[in-house]
Amino acid sequence: MIRRVLLILSVLVLGVGIWQRELISYGWMQAKGQFRILWNTRPVEDVLVDPAYPDSLKRKIRLIEEIKRFAVDSIGLNASKNYTTFYEQHGKPILWVLVAAEKYRLKAREWSFPVIGTFAYKGYFEKDRADRERAELDREGFDTRLNEVSAWSTLGFFRDPILSSMLTRDEGRLAELIIHELTHGTLFVKDNLEYNENLADFVGEYGALRYLNAKYGQNSTPYQAYLADKLYNERYDAHILRGTRKLDSLYKTFKPEMVTSIKDSLKIQLIGHIVDSMDTLATGHARPGRARPLTKKRRIGKPNLPNNAYFIGYATYRQRQNQFRQEFETRFRGNFRAYLTYLKQTYPSL
């Protein structure tokens, strides 16, 4: 009897392994990548007393400690052991994210994972594997985009380290990044990537402004420089989201019998117009704070012209900013702790 039960269990395990071999293989790859990083981290205390490590970068590490304390004490984000270790990348990227969208519809390709839910992107610690899956999605007819990632949150499953690439950022953008990731560790809603990323972006920017104001004042150069970036980014948001809506309207006019070459021509023409009209965002004092893929150099017909994967990925992070801002300012009158309490009670977190 016991032998029969063991045989049945073995067959079931083997069957699940074959059925979910891609998920298991992917999970093993990600686990190896994550543990490789964790295994090679150093305690921040050791880095700070290492005479071989540059003082300029040590100051950035101390800034991260300061930003984290501010985020917990003044904003109300959850305390954690994150950013108490350090990982040296030696100038190399370590994680890539793949986004895919239908070619004539603004609908993302989604991937589902145990526990954490469904995502409109897929991360890779191995670039070759990311390239292979991107090529496969291209062959299937998707628009794709592959980006390097500067930071991520393990949602409390591991102790997230400081990455050496973080230390290249100025103080405002460093504060935004750290507060963004700490927001994920405070509130992360399963199967709602758009909500999670928009919230983290909103809190990251709000928290960075509060941090710079508390440290330097509103008239200071760090505050005003970050604010100029933020204002430019808001104009960029509005421009890209307008373009996203125009693309959506265009795709809804496409009929199944329409010739593919005509669809491609209309699509490229509209995306080219979105790129070329970027000039309307320029002002005398603003400077773009994030690397932007849409520039006047990217003309119609060039291989680096943005595609649906870019617009889908951008909307995932930015299209609900006004909703959060309005709710925070009108309903909660700028009381962030009350707003955060409300969000925690309204949206169950992992």
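**Entry 1: α11 against α12**

I started with helix α11 (residues 321-331), which packs on α12 at an angle of about 120 degrees, with the axes 10 Å apart. For axes I used lines fitted to C-alpha atoms, for helices over the stretch in contact, with angles running from 0 to 180 degrees between N-to-C directions. That angle makes α11 oblique to α12; under 35 degrees counts as roughly parallel, over 145 as roughly antiparallel, 65 to 115 as roughly perpendicular and the rest as oblique. I noted a right-handed crossing of α11 past α12; the label is right-handed if the near helix is turned clockwise from the far one by less than a right angle, and left-handed if anticlockwise.

Which residues make the contact? From α11 I listed F324, E327, F328 and R331, and from α12 F336, Y339, Y342 and L343, with contact meaning heavy atoms within 4.5 Å. By class I have 6 nonpolar, no polar and 2 charged residues here. Ala, Val, Leu, Ile, Met, Phe, Trp, Tyr, Cys and Pro count as nonpolar, Asp, Glu, Lys and Arg as charged, and the others, Gly among them, as polar.

**Entry 2: a note on the model**

This is a predicted model, so I kept in mind that local features need pLDDT of at least 70 and side-chain atom pairs pLDDT 80 or more, while totals for chains, interfaces and linings use all residues. Residues are numbered from 1 along each chain as its sequence is written, and side-chain values use heavy atoms, with hydrogens and water left out.

**Entry 3: α7 against α12**

Next I looked at α7 and helix α12 (residues 336-346), whose axes come within 13 Å and cross at roughly 165 degrees. That makes α7 roughly antiparallel to α12, and the crossing is left-handed. On the α7 side I found Y195, L199, F202, V203, Y206 and R210, meeting F336, Y339 and L343 of α12. This contact has 8 nonpolar, no polar and 1 charged residues.

**Entry 4: α7 itself**

I checked the length of α7 (residues 193-216) too: at 1.5 Å a residue its 24 residues should span 34 Å, and the end C-alpha atoms are 34 Å apart, which agrees. The expected span is 1.5 Å times one less than the number of residues. Is α7 mostly covered or mostly open? I count 18 of its 24 residues as buried, so to speak mostly covered, where buried is under 20% relative accessible area with a 1.4 Å probe, protein chains only. After α7 comes G217, with a positive phi near 95 degrees.

**Entry 5: the whole protein**

Of the 350 residues, 47% count as buried.

Key. Helices (H or I, at least four residues) and strands (E, at least two) are DSSP runs, numbered from the N terminus. Buried means under 20% relative accessible area, exposed over 50%, partly exposed in between (1.4 Å probe, protein chains only).
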